[in-house]
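Reader: I am new to reading structures. Can we go through the terms with one example?

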Amino acid sequence: MTPILNLHNIDVTEFLAVLDTCEGNVYLVTKEGDRLNLRSKLCQLVGLTKLIEGGKIAEASIICENKNDESKLFRFNFFGDTGNAKVG
């Protein structure tokens, strides 16, 4: 699987809401090579901690097993489209 997008300037609440609507596994891959399955709430916590280093969003990539999830997260990352996610 190839990383589909790099995260930057994301709204964490909206990102988590969109993740909750994903059907397959979604992995956060850090520049160190760590791979965390973001379908797990524990991995979401660890992943977000890795993402936010010193108050800044660090570099990380997303890999999806499901093409629909890939499309959904791509639209969120570039257009802020949360689709049918319940934010808040």
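Reader: Why are α1 and α3 called roughly antiparallel?
Author: The axes of helix α1 (residues 12-20) and helix α3 (residues 67-79) come within 10 Å and cross at roughly 165°. Angles over 145 degrees count as roughly antiparallel, so α1 is roughly antiparallel to α3. Axes are lines fitted to C-alpha atoms, over the stretch in contact for helices, and angles run from 0 to 180 degrees between N-to-C directions. Helices are DSSP runs (H or I, at least four residues).

The model is predicted: local features need pLDDT of at least 70, side-chain atom pairs count only at pLDDT 80 or more, and totals for chains, interfaces and linings use all residues. Residues are numbered from 1 along each chain as its sequence is written, and side-chain values use heavy atoms, without hydrogens and water.

Reader: What makes the contact of α1 and α3?
Author: Glu 14, Phe 15, Val 18 and Leu 19 of α1 meet Lys 72, Leu 73 and Phe 76 of α3. Contact means heavy atoms within 4.5 Å.

Reader: Why are α1 and α2 roughly antiparallel?
Author: The axes of α1 and helix α2 (residues 41-51) cross at roughly 150° and come within 12 Å. That angle falls under the antiparallel rule, so the two are roughly antiparallel to each other.

Reader: How do you know that Cys 22 is in no disulfide?
Author: A disulfide is a pair of cysteine sulfur atoms within 2.5 Å. By this rule the count is 0. For Cys 22, the nearest cysteine sulfur, that of Cys 64, is 6.0 Å away.

Reader: Why does Cys 22 count as buried?
Author: Buried means under 20% relative accessible area (exposed is over 50%, partly exposed in between; 1.4 Å probe, protein chains only). Cys 22 has 4% relative accessibility, so Cys 22 is buried.

Technical notes: Parallel < 35°, antiparallel > 145°, perpendicular 65-115°, else oblique.
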